[in-house]
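These are my notebook entries on a single structure. I set down what I looked up, entry by entry.

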Amino acid sequence: MKKGSPQINDVYAILAKEFKKNRTPVVDLIEIQTSDPFKVLTATILSARTKDEVTAEASRRLFERADSLQQLKKLTEEKIAELIYPAGFYKMKAKHLKQLPDVIEKEFEGKIPDDVDELTKLPGVGRKTANLVVAVAFKKPAVCVDVHVHRIFNRLGYISTNTPLETEMELRRIFPEKFWTTFNAYFVSFGQHRCKPVRPMCDGCPAAQYCANNG
């Protein structure tokens with residue numbers, strides 16, 4: 001696939017169809033249940049380096065005790081860690097979540113920002129998390145790039161980049177904006193179930209004809 005090729009429209013349609021066959025990524029499940037930016041932000045922070053099913057359970061336990069910034073502020077760091085265990089790096093995430101209400105109150109007048117650069121000022125929030133929160137919680141165009149997105153776009157030959165940050169910047173330049181708010185869920189699901197980092201399931205891949213690695 002050539003850079004900027006209109007065939008990306010076909011690939012997007014294929015991955016959207018495949019997405020319906022598989023489990024929904026946890027942040028999208030939470031978004032279906034609620035559009036609360038607090039819950040989307042918190043679940044996204046918890047999801048880093050953590051399986052979806054673990055994130056879902058950790059989020060459920062935490063939200064039962066704290067479903068707002070005000071309630072989260074009342075919990076101790078130790079209690080947060082207990083609630084989110086065994087999420088990956090749960091102690092560090094508990095520290096960040098404990099800091100979150102105070103930072104948002106001090107820097108953003110108690111409101112979760114809807115801007116990527118402002119979100120990255122929050123503890124535990126990188127560009128991937130920030131973009132996902134903007135897209136899922138605020139329904140604003142954002143290019144959320146994780147390892148799956150970075151890998152698949154490069155395998156397709158749509159781009160040639162070395163890091164997720166480079167991928168984000170290149171996709172912002174050439175990827176149709178109409179896909180920005182929804183593509184991450186489709187590509188992550190496809191990366192988890194078929195286009196895996198090791199031993200991708202290329203035989204029978206519905207997007208094989210568009211893949212630069214095919215043949």
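**Terms and basis.** I call a residue buried under 20% relative accessible area, exposed over 50%, and partly exposed in between, with a 1.4 Å probe and protein chains only. The model is predicted, and I required pLDDT of at least 70 for local features and 80 or more for side-chain atom pairs, while totals for chains, interfaces and linings use all residues. I number residues from 1 along each chain as its sequence is written, and side-chain values use heavy atoms, with hydrogens and water left out.

Entry 1: P197 lies in the segment after α12; helices here are DSSP runs (H or I, at least four residues), as strands are (E, at least two), numbered from the N terminus. Helix α12 spans residues 183-193 and is mostly covered, 9 of its 11 residues being buried. I noted the buried ones as F183, N184, A185, Y186, F187, V188, S189, F190 and G191. I then asked which residues P197 is in contact with, leaving aside neighbours within four places in sequence. They are R151 and R155, where contact means heavy atoms within 4.5 Å. I also took one distance, C-alpha to C-alpha: P197 and A66 are 36 Å apart in space and 131 residues apart in sequence.

**Entry 2: R155.** R155 is buried yet has no salt bridge, and the nearest side chain of opposite charge, D146, is 12 Å away. For charge, Lys and Arg count as positive and Asp and Glu as negative, with His and the chain ends not counted. A salt bridge is taken as a side-chain nitrogen of Lys or Arg within 4 Å of a carboxyl oxygen of Asp or Glu. What does the side chain of R155 reach at 2.7 Å? I found the backbone oxygen of K196 there. Leaving aside neighbours within four places in sequence, I list C195, K196, P197, P200, C211, A212 and N213 as the contacts of R155.

**Entry 3: Salt bridges.** I counted 11 salt bridges by the rule above. In one of them the side chains of K73 and E105 meet at 3.3 Å, N to O. K73 lies in helix α5 (residues 69-74) and E105 in helix α7 (residues 90-108), so this pair ties together parts 32 residues apart in sequence. K73 is partly exposed at 37% relative accessible area, and E105 is partly exposed at 47%.

I next took R127 and D117, whose closest N and O atoms are 3.4 Å apart in a salt bridge. R127 lies in helix α9 (residues 127-138) and D117 in helix α8 (residues 116-119), so the pair ties together parts 10 residues apart in sequence. Both are partly exposed, R127 at 28% and D117 at 48%.

The salt bridge of R172 with E168 has its closest N and O atoms 3.0 Å apart. Both lie in helix α11 (residues 164-174), 4 residues apart, which means a separation of about one helical turn. An α-helix has 3.6 residues a turn, so residues three or four places apart point the same way. R172 is partly exposed at 28%, whereas E168 is buried at 3%.

**Entry 4: Cysteines.** How many disulfides does a search of the whole structure find? I recorded 0, a disulfide being a pair of cysteine sulfur atoms within 2.5 Å. For C205 the closest cysteine sulfur is in C202 at 6.6 Å, too far for a bond. For C211 the closest is also in C202, at 6.4 Å, again too far for a bond. C205 is buried at 18% relative accessible area, while C211 is partly exposed at 22%.

**Entry 5: Nonpolar cores.** I defined a nonpolar core as a set of buried Ala, Val, Leu, Ile, Met, Phe, Trp, Tyr and Cys residues joined through side-chain atoms within 4.5 Å. The largest has 39 residues, of which L41, L62, L72, L97, L100, L119 and L122 touch the most other members. Elements giving two or more residues to this core include α2 (26-33), α3 (37-47), α4 (52-65) and α6 (77-84). Its largest share, 7 residues, comes from α9. I checked L62 in particular: leaving aside neighbours within four places in sequence, L62 is in contact with T42, L46, L72, L75, L83, I84 and L97. Another core, of 30 residues, lies apart from the largest one, with V145, V149, L156 and C195 among its members.

Notes: Polar contact = N/O pair within 3.5 Å; in protein donor to acceptor, adjacent residues only side chain to side chain.
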